[in-house]
Amino acid sequence: MADDGMLLNFAVPDSGLLARPSFKGGTWRDRLTAKKAAQNWHAKATARLSGEKVPKKMVENATDVNRTALGPRIPRASPSPELPATTEDNRPAKRARVSGDFRPSNSHSAVAKQPGERQDVPKGGKQVISSLFTYNPTPTTKPQPSQHSRDDAAVEPSNAPLNSELDTFTSLGISAPLAAHLLNKMHLKAPTAIQKAAIAQLVQDDSDAFIQAETGSGKTLAYLLPIVQRLMELSANMRKRNMDDNVQRTSGLFAIIMAPTRELSKQIALVLEKLLGCAHWLVATTVIGGEKKKSEKARLRKGINILVATPGRLADHLEHTEALDVSNVRWLVLDEGDRLMELGFEQEIQKIVGALNLRMRANKDDKLKIPGLPEKRTTVLCSATMKMDVERLGQISLKDAVHIRADPSEKGPESGETKDDRSFFAPAQLKQSYAVVAPKLRLVSLMAYLKRAFARKGSVMKAIVFMSCADSVDFHFDLLTSDLEAGPEKKKAVDGSDAEEASESATGKKPKKTKAIPQADPTKLTVTNAASPILCAKTHTVTAYRLHGSLQQSLRTSTLAHFAKNKEPSILIATDVASRGLDLPNVDLVVEFDPAFAREDHLHRIGRTARAGRDGRACIFLMPGCEEGYVEILKSDRKDIEAGIHISRQDAEDILHRGLITSGVMEKNAYMDKATDLQLATERWALASPFRLEAARRAFQSHIRAYATHVAEERTYFDIKSLHLGHLAKAFALRERPSGMKVPGARTGAGRNDKTLAKVRGGAKVDGASRKAEPNKVVDLDLPDSHDTEEATKMRKAVRAREKFMRHAGMASEFNLG
Ligand SMILES: Nc1ncnc2c1ncn2[C@@H]1O[C@H](COP(=O)(O)OP(=O)(O)OP(=O)(O)O)[C@@H](O)[C@H]1O
């Protein structure tokens, strides 16, 4: 609104217009914005009064500043005594506009009703439209100038293949045909450091082994290659003795590889299949659940030599499938041992190890049938960490194990450092950064960050964004794959369509123009990939994918396969179901939008990039305040932090500016307008459909619950009582007060009701004057008691709480227990 009309009413004192008003209260940014607005207004008024033409830019600036200051938070100039006040100027500064009608009366507002827009506001529901840039907590830490001075060239990758001519697969005892197959078919020239150590040991020795190495260092081949090599030797032995031609599928089951999730098992099976290309007489299969047991049984009956399994399903088959003969098993691998324990597979593993021991003893004569079959079984345990539960797993499964590490000079259990999981580091070449972003700015900052990342084709091919819960993944996926500018009548073509249609759009084919179905739920779980209009650039499209445990297994598998194969820029929004062991090619960037529940999870997440010596970037979003302390954890990720490697920092302003202001613009604060517009567009988008609104509320609530499940020792950084729920709601495009939020069909747990959020805060009112939480009140979320001192108890409780949270949030199958 132009101010011109109002100025006509002003009486101008002789002294000329204006003793400059003073600006008090708010942050320096608020005061600066208000001061600029007043300066513009002052210059304009003076020009008008002296009959000069007002430059157009000045008018725009004044309007822009007002718009940015949408919310009433901008401290108004104290009315000058010389200034006859208008009604507008006399209006007391309000913190936020709260009204039954969610439309602000302010005509400057960018929230004016859009044509065709639905106003899905609950009857009598309060809407809060506040400015994005006011009342934000200020960061407690400042960036160090040196934090931006990382010398990339000096960093040697820590998980790359070795480059000495002496380090070849054959020099480690791998046969020439297998080494040739590795080179010609799998394009692997030299082993990585962990492969060198593990292959040399396992090819010639039958001792048990504990393999510990960082992410992306090639652990899978480190244990698969020796097994395949030894089985090929068995075959050669049989040929020599003129027995059968080779080892046949009916010769027996020789190796079992256990992994905690179905995805990981499938991935291992794929690598194994490639490896067996040079020994086609060896047969491998998987038993991992999610498939009919009958067909698994049929495969087992036909005979297999190597089995990849999840513990639950394997234990089941051992009990119920007669055809599964494990008397010849001489290699047992427990991959991701710490995860196996975390997910509560201890009992199953105990059962399996017990059954293997029993049947091996009972069938000792069988080895005569297969000359060269080792007397004893070799058990290999792989884990990134050496936590107490891994020790327990070692006790169950290993005997006199050799500790294999990439760098043998590192200290191990023999040095008495068994419980030190600080021996698990991020790859040296991984560039880490953190973004300090206030809760209200989180959503727009994420979009700006991703926009910038994908702006230039090729700068980022693939990115993974980690979120804390499935509901949040669904909400963000839906948002990123929607056209925020289009009204509901121009709904995205993939809304309401099935997965195949979505896949087509992802493969570059034109999306089918399906008719918008008004009642179709756009959040429905059959669509797991679609183009992301907000991230697409003129030169390329960006496809967004979602992945979490509430999706059907078949959909999860196809989504991962699709993401892995996609040669165009793409982004996977996922829960921790994608954090462990998954080897997705060309992931250049990992964004931890919600920090992980524990340091190890965080290391596994960022380990999805910078694999096998390749470059990679990772960025974690932290909120100002106690979360900034998490930087200490980030520093502990790095072995090389003392060597001058820095973790760079970005603030929300940088992110918004870089992501939203493209061409050589202009005013310093233009990003505020853009961010405000974007935020308002997301809010309108959420309001336009009851499904979206519900999904946004559900995502918000699940996010808060997930927030409460950080492991006890990290809860100083993630203190749920310090969360500003009202601000955080804005990051889910919500205009409602969290206290009154109702989610029909929310995945609530037993005994939970709509007051959950208030309870999270220790019974304090969520909004309004009594916002402060009562510090000593116990958080009522069925969470672990934070007063425990014993580490083991803490960990167990945290895991139990997390499992409980998942159950309550309807994510029981998050990890696909096999
Ligand atoms: N010798 C090698 N040379 C080049 N690339 C390799 C080599 N060995 C493995 N790789 C590649 O490295 C990547 C990571 O391998 P793998 O998944 O086995 O790592 P990992 O150590 O198990 O990682 P995580 O701990 O994340 O599970 C794979 O893409 C694999 O093909």
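Author: Let us begin with helix α17, residues 553-565, whose 13 residues reach 18 Å from the first C-alpha to the last, close to the 18 Å expected at 1.5 Å a residue. The expected span is 1.5 Å times one less than the number of residues, and helices here are DSSP runs of H or I with at least four residues, strands being runs of E with at least two, numbered from the N terminus. This is a predicted model, in which local features need pLDDT of at least 70 and side-chain atom pairs count only at pLDDT 80 or more, while totals for chains, interfaces and linings use all residues. Residues are numbered from 1 along each chain as its sequence is written.

Reader: Which residues of α17 are buried?

Author: R556, T559, L560, H562 and F563 of α17 are buried, where buried means that 20 or more other C-beta atoms lie within 10 Å of the residue's own, exposed means 12 or fewer, and partly exposed is in between, with C-beta atoms placed from the backbone. Seen down the axis of α17, these buried residues fall within an arc of 165°, so they line one face of the helix; the arc is that of the directions from the helix axis to the C-beta atoms.

Reader: And what does the face of α17 turned away from the buried side carry?

Author: That face of α17 carries the exposed residues S554, A561 and K565. As background, an α-helix has 3.6 residues a turn, so residues three or four places apart point the same way.

Reader: How many residues are buried in α22?

Author: In α22, 16 of the 18 residues are buried, so the helix is mostly covered. Helix α22 covers residues 690-707, and its end C-alpha atoms are 26 Å apart, in agreement with the 26 Å that 18 residues should span at 1.5 Å a residue. Helix α7 is mostly covered too, with 17 of its 22 residues buried, and its end C-alpha atoms are 32 Å apart, which agrees with the 32 Å that residues 219-240 should span.

Reader: Switching to packing, at what angle do α20 and α21 cross?

Author: The axes of α20 (residues 652-660) and α21 (residues 670-687) cross at roughly 80° and come within 9 Å, the axes being lines fitted to C-alpha atoms, for helices over the stretch in contact, with angles running from 0 to 180 degrees between N-to-C directions. That makes α20 roughly perpendicular to α21, since angles of 65 to 115 degrees count as roughly perpendicular, under 35 as roughly parallel, over 145 as roughly antiparallel and the rest as oblique.

Reader: Which residues make the contact?

Author: From α20 there are L656, H657 and L660, and from α21 there are Y671, K674, A675 and L678, with two residues in contact if their C-beta atoms, placed from the backbone, lie within 7 Å. These residues divide into five nonpolar, one polar and one charged, where Ala, Val, Leu, Ile, Met, Phe, Trp, Tyr, Cys and Pro count as nonpolar, Asp, Glu, Lys and Arg as charged, and the others, Gly among them, as polar.

Reader: What does L443 touch?

Author: Not counting residues up to four places away in sequence, L443 touches Q679, T682, A731 and A733. L443 is found in helix α14, residues 442-454, and counts as buried with 26 C-beta neighbours inside 10 Å.

Reader: How far apart in space are L443 and V283?

Author: They are 49 Å apart, C-alpha to C-alpha, and 160 residues apart in sequence. V283 sits in the loop between α8 (262-275) and β5 (284-287), and counts as buried with 20 C-beta neighbours inside 10 Å. The C-alpha atoms of V283 and N305 are separated by 5.3 Å, although these residues are 22 residues apart along the chain.

Reader: Which residues other than glycine have a positive phi?

Author: Y135 is one of them, with phi near 60°, and it lies in the loop between β2 (127-129) and α5 (176-184). N586 also has phi near 60°, and is found in the loop between β14 (570-574) and β15 (587-592).

Reader: What does the secondary structure of the chain come to?

Author: It comes to 25 helices and 17 strands, and buried residues make up 49% of the 818 residues in the chain.
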